[in-house]
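Trainee: Could you take me through some ring and helix contacts, with the general idea each time and then the case at hand?

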Amino acid sequence: MSNHKLKNRIKKIKRGFLIWRILILLLVNLWLDNLIFKIFRTNRDKKNKVQIKRAKWFTNQLIELGSAFIKIGQLLSARPDLIPNTWIQELSKLQDQVPQFSYTKVEEIIKKELGHKFSEINQITSTPIGSASLAQVHKATLKDGKEVVFKVQRPNLKNLFTIDLNIMQQIAFIIQKNKNWSRGRNWVAIAKECRKVLMKELDFKCEAQYAARFRQQFLDDENVEVPEVIWNLSTEKVLCLSYLEGTKISDIEKLKSKNIDLSKIAEIGAVSYLKQLVNYGFFHADPHPGNLAVSNSGKLIFYDFGMMGNISNSLQASLGSMVQSAALRDASSLVTQLQQAGLISKDIDVGPVRRLVRLMLKEALTPPFSPNIIEKLSGDLYELVYETPFQLPVDLIFVMRALSTFEGVGRMLDPGFNLVSITKPYLIDLMTSNNQTPNDLINQFGRQVGELGSKAVGIPKRIDESLERLEQGDLQLQIRMGESDRQFKKMFTAQKSLGHSILIGSLTIASALLVTNNQNNFAVLPLIFAAPISIDWIKCQLSMRKGSRIEKLKQ
């Protein structure tokens, strides 16, 4: 074996050991936390504090592991079906915190990627204007005087990603073998999807296409600016965009000094997002302050197009009727439309979903509107998705996260900012337009009346059939005993736990008596018998969970 291959093998082993060490520490800490919660009956607030502490530790570990795991953490923050809401809140704050790499390397990579086209560059600024887990951004000037920026991929990043993602797939395979950890989740498929997304993000040609498409959407918008892609200077590892000078949207004092109307910027952003979601179905999925700026003329500038989201055609076509149902607070109709659009599985119990939607509509549409309504609603949605055996499409979760993130940006600009209030006039237009003419609305109303009439005509026949079946003794009555089942399971678990406690106590006393009678050789036998009972007792304790707000909705 050559020295190079040996070094790579040792590197992979060291890397694997580091990753497995962090994972084992995490699992042990979570197990101990749950055990303490059940033994001492910890209240919800204390549980949340401990979970936040663990989530912060995990976030810091991801940062230390580097680029691939920072990106994995960002992907996990969009998966409320996999991790609880307290963890999502911490992982959503995960930003790229990695050291810069040298300008010598930057120049070397650009020269290698562009070849003879490198001669078109007049000057590259040695100090980066941005540094992230995947790349570093440098301002440059071309020979024709055009100001641009080069996004340059970190050296040897693809090899590092390959090693880390291979280890992640090994971890997913082992976790999937454990029935308790894999219940309702396919970790192997999730790992493969993460690998696919991250390897695609390493190809800057994809980001160039995203940037060009996003720019096309706002070419005629006088309030929004998007950089232009310089195609002849862009490759798989180098992305060249036109330079758009602007003030970071988080630099409030500087924006005020330039007499920028902050509430106007917040409104421009809200309307631009409505256009992205409703008109185009293609949206910026990561609108944190680092990716937004304001030009000197008061235009909103978007940067970084590595993370974008899509809305399906079926959902776009249904948005108008969904808004109508939401405005009428018709939770049943809205849930049905969400199922038809494929956003909610059709083979699940929609009762808890319907109750949550009804509660969400009441909170969202009852004045005075909460300034962080999207954040609250997405929190409820995340809890429901995590605690129930169904999954929402990742793109819908990206929509909620993007809106929640921008809602925070809007409040930073204007404390009185409210996403629902600003977008309300546009949503009303959507209810009546959405490619519908007045005749379409009349026809739709006519169809609904017709459906109601046909159902009314069929009622006597259905009553007659039911009475006939009742007379013949063929009528079967089916009753859902969901709450009774839940209470029965709780009672069964509690009784089982009590029985185990008595057995463990008895065996412990027996062992103590044997010790006092100098029967030390036999004293260990009761403890051996008590071991499997103790393990089962711990499982019982972990399964007994206190009711949360979402659990009350399920009742």
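Trainee: Over which ring does the charged end of Arg213 sit?

Mentor: A charge sits over a ring if NZ of Lys or CZ of Arg is within 6 Å of the ring centre and within 35 degrees of the ring normal. In this predicted model, where local features need pLDDT of at least 70, side-chain atom pairs count only at pLDDT 80 or more, and totals for chains, interfaces and linings use all residues, the charged end of Arg213 sits over the ring of Phe282, 4.0 Å from its centre. Residues are numbered from 1 along each chain as its sequence is written, and side-chain values use heavy atoms, with hydrogens and water left out. The charged end of Lys151 is likewise placed over the ring of Phe204, at 5.3 Å from the ring centre.

Trainee: How many aromatic pairs are found in the whole structure?

Mentor: A pair of aromatic rings is described by the distance of the centres and the angle of the planes. Rings of Phe, Tyr and Trp (its six-membered ring) pair if their centres lie within 6.5 Å, and planes under 30 degrees apart count as stacked, over 60 as edge-to-face and the rest as tilted. The search of the whole structure finds 10 aromatic pairs. For Tyr210 and Phe282 the ring centres are 6.0 Å apart and the planes lie at 50°, so this pair is tilted. Tyr210 belongs to helix α9 (residues 204-217) and Phe282 to strand β8 (residues 282-284), so the pair ties together parts that are 72 residues apart in sequence; helices (H or I, at least four residues) and strands (E, at least two) are DSSP runs, numbered from the N terminus.

Trainee: Is Phe282 buried or exposed?

Mentor: Buried means under 20% relative accessible area, exposed over 50%, and partly exposed in between (1.4 Å probe, protein chains only). Phe282 is buried, with a relative accessible area of 1%, whereas Tyr210 is partly exposed, with 24%.

Trainee: At what angle do helix α3 and helix α8 pack?

Mentor: Two packed helices are described by the angle between their axes and the distance between the axes. Axes are lines fitted to C-alpha atoms, for helices over the stretch in contact, and angles run from 0 to 180 degrees between N-to-C directions. Helix α3 (residues 67-76) and helix α8 (residues 187-201) pack at about 120°, with axes 11 Å apart. Contact (heavy atoms within 4.5 Å) is made by Ala68, Lys71, Ile72 and Leu75 of α3 and by Cys194, Val197, Leu198 and Glu201 of α8.
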